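Here is a short report on charged pairs and strand pairing. Look over the sequence and the model, then read on.

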Amino acid sequence: MTEPRVVVIGAGVAGISTAYVLQQQGFTDWVVLEKGSDVGGVWYWNHYPGLTCDVPSQIYQFAFAPKPDWERVWATGPQIQRYHRDVVDELGLADRIRCDTEVLAAEFDDADGTWTLTLSTGETMVADFVVCATGVLENPAIPDIDGLADFAGPVVHTARWDDSLVTDGRKIAVIGTGSTGVQVVSALQPGAAGITHFVRSPQWVLWAPMGLPQVGAVSALFRRAPGLLDRVHRGLLWGSGILADIVTTPSWRRRAVQAYARLSLRAQAPARLREDLTPDYEPLCKRQVVSGSYYRAIRARNASLVTERITGVEPGGVRTADGRLHEADVLVLATGFRAHDYMRPMEVTGREGIKLDDAWADGPRAYRMTAVPGFPNLFTVLGPNSPTGSISLQFSAELSAKYIAQWLTRFRDGELATVEVTEEATDAFNRQVAEAMVPTVWNTGCNSWYFTEGGTIDLWPFDRKTMVRMLSRPEDADFHVRVPAR
Ligand SMILES: Cc1cc2nc3c(=O)[nH]c(=O)nc-3n(C[C@H](O)[C@H](O)[C@H](O)COP(=O)(O)OP(=O)(O)OC[C@H]3O[C@@H](n4cnc5c(N)ncnc54)[C@H](O)[C@@H]3O)c2cc1C
């Protein structure tokens, strides 16, 4: 038996799931390296006002760490972050996680089949396997707007919010219309002297009562009856299967949800803004925005919606193409992430010196979300194609980690030294993805962060059953396996 040395990079949902699986399966030589000062991933990095989970918390949790007593049906960001911290403490994973440790580079050694990692602490570390759980929404995208650096007041990206920033009583400009833009406008509007939301492309906003508390009696019942809690979680996972069907296959159900999105707009948006707030693409085509308060916020007297193109930022505000200067004291960039910079800026060098930047020049490309040709003994959890828009990410992460653990077990049993997915299998998988993408709602004519530089859609277009089937057992024919020298 040779215990594999495993380094997991990242301590968000994917990294915590991987850590749990490694612990459960009795692996002993592993560590999680996290560049942030705490676990939680996006829930650590993002703490802007209004951050709320857009799916019910009872499904946005690990199956192995059910929480009976969420304060709200749609938990807030700080509640989710606390949950992640509690999970790693209660499951005894905390000692294995090294925060404030960024992996700057990872290089594969062809001769001995190991990875050498260069860390921000000045150390190097050698591993038999690297598991990248580095997140898709990780690197904030800063828009290239003329004069941004000249703005006289604070400029803050939502993913790096400054908690000391005072927004009450000030004029706030918010650029960006995804879930984050909608959440931050809803949260800041009541206290602002004025809030201007710059909307280049409006989004469909599904109305939901996001502030709904989880009733105390329900929490008490879940605490007393963990079996019931488990059944509810399973029920929600099953229910999300219907959602998967809605986004991947045209049907009356898709039309019903789209009709609800249109109804939310008609019923909630002020008539004078309805045209400006109406997207020019099908509902569900982009990551769906859910909110119970945005339309109320944007119709308030101190709020304005600007659809005119931004031409520049000046010390006193934001200038638009019609020549108007929209005065602002604070500029909020809700401009999202460079979603296809997955694993970067880490410098990853695989077999025979292949650079990840070159391998992925047209965008991330992997086999079944988990393996990349040219990079032996390196796996990804919640990597390319993992955003689903419907299937629980915690479910996908745990499933992927268990799949990867099967390779680690074979290493431990002396059956392999290195494993690398073939180009052919990766191409075949990506052809299947492209074919399955055709009838999806993401392919109905909108522009979103789902599209890679190469024009493919970086999402999971199959249902949950297919995910389980693809990741239940490794198919040896899809891999080059090198056995250990005797
Ligand atoms: C603001 C926001 C709100 C969201 N809300 C929802 C929601 O409501 N529902 C939903 O389903 N999804 C939501 N998501 C999507 C979210 O990305 C996933 O749900 C999930 O949290 C992703 O987990 P992850 O572990 O894959 O990535 P992350 O949470 O991004 O974790 C990756 C971790 O890896 C670390 N890391 C990266 N590179 C290195 C390195 N080189 N060295 C060391 N550490 C490194 C990062 O610091 C980070 O902590 C949201 C995303 C954002 C940004």
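The sections below cover the basis of the model, its salt bridges and one group of strands.

## Basis

This is a predicted model, where local features need pLDDT of at least 70, side-chain atom pairs count only at pLDDT 80 or more, and totals for chains, interfaces and linings use all residues. Residues are numbered from 1 along each chain as its sequence is written, and side-chain values use heavy atoms, with hydrogens and water left out.

## Salt bridges across the sequence

Side chains of opposite charge can pair when their charged atoms come close. The structure holds 25 salt bridges. The term means a side-chain nitrogen of Lys or Arg within 4 Å of a carboxyl oxygen of Asp or Glu.

One of them joins Asp-54 to Arg-287, at 2.7 Å from N to O. Asp-54 sits in the loop between α2 (42-45) and α3 (77-90), and Arg-287 in the loop between α8 (271-274) and β12 (289-291), so the pair ties together parts 233 residues apart in sequence. Helices (H or I, at least four residues) and strands (E, at least two) are DSSP runs, numbered from the N terminus. Asp-54 is buried, at 18% relative accessibility. Arg-287 is partly exposed, at 35%. Buried means under 20% relative accessible area, exposed over 50%, and partly exposed in between (1.4 Å probe, protein chains only).

Lys-171 and Glu-327 form another salt bridge, with their closest N and O atoms 3.1 Å apart. Lys-171 belongs to strand β9 (residues 171-175) and Glu-327 to strand β16 (residues 325-327), so this pair ties together parts 156 residues apart in sequence. Lys-171 is partly exposed, with a relative accessible area of 31%.

## A helix pair and a network

Asp-230 bridges to Arg-234, with the closest N and O atoms 3.0 Å apart. Both residues lie in helix α6 (residues 226-248), four residues apart, or about one turn of the helix. Asp-230 is partly exposed at 32% relative accessibility. Arg-234 is exposed at 54%.

Elsewhere, salt bridges link Lys-67, Asp-69 and Arg-223 in a network.

Strands pair if DSSP finds at least two bridges between them. Strand β1 (residues 6-9) runs parallel to β7, joined by four bridges. Strand β19 (residues 378-380) also pairs with β7 in the parallel sense, over three bridges. Val-130 is the bridge partner of Val-7. In β19, the bridge partner of Val-130 is Leu-378.
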